[in-house]
Amino acid sequence: KGQALTLCLAGESSDGDGVYGPGDFTVYHGKTRHQPTAAPHAPAFALAATDAGLQFEGLLGALQKLVKA
C-alpha cells in the first residue's frame with residue numbers, strides 16, 4: 001500500500017536486502033515485499049511507521065482478513 005519507515009534501535013535484523021543494526025534506517029515502498037528476521041544471537045528492537053495499513057501473509061494475513069470482515 002504505502003511506505004514503511006524503519007529505524008533499528010538495538011540488536012540486528014536482516015531481510016532479502018541487507019543486514020541492519022542500531023541506527024540503520026530503511027524505507028520500503030508499498031510494492032516491496034520483505035520479511036525481516038532478528039539475528040539468532042539476540043533480540044532486535046525497531047521503531048516502524050507506515051502511512052498505510054500493513055498487508056500480512058500466511059496465518060497473520062488470514063487473521064487480518066477476518067478482523068476486517
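Reply: A residue is called exposed when its relative accessible area is over 50%, and buried when that value is under 20%. The model is predicted. In this model, leucine 59 has a relative accessibility of 66%, so leucine 59 counts as exposed.

Leucine 59 is part of helix 1, which covers residues 58-68.

The protein chain contains one helix and six strands. Read from the N terminus, the order of elements is β-β-β-β-β-β-α. The accessible surface of the chain is about 5,300 Å², and 61% of this belongs to carbon and sulfur atoms. Of the 69 residues in the chain, 16% are buried.

Serine 13 lies in strand 2, made up of residues 13-15. Its relative accessible area is 17%, and therefore serine 13 is buried. Leaving out residues up to four places away in sequence, serine 13 touches Gly18, Val19, Tyr20, Thr37, Ala38, Ala39 and Ala44.

Contacts can also be viewed across the chain. Of those between residues at least 6 apart in sequence, 54% join residues at least 24 apart. Along the principal axes, the C-alpha atoms fill a box of roughly 40 × 25 × 20 Å.

How values were computed. Residues are numbered from 1 along each chain as its sequence is written. This is a predicted model: local features need pLDDT of at least 70, side-chain atom pairs count only at pLDDT 80 or more; totals for chains, interfaces and linings use all residues. Side-chain values use heavy atoms; hydrogens and water are left out. Helices (H or I, at least four residues) and strands (E, at least two) are DSSP runs, numbered from the N terminus. Buried means under 20% relative accessible area, exposed over 50%, partly exposed in between (1.4 Å probe, protein chains only). Contact means heavy atoms within 4.5 Å. Accessible areas come from the Shrake-Rupley method with a 1.4 Å probe; for residues, only the protein chains shown count as cover.
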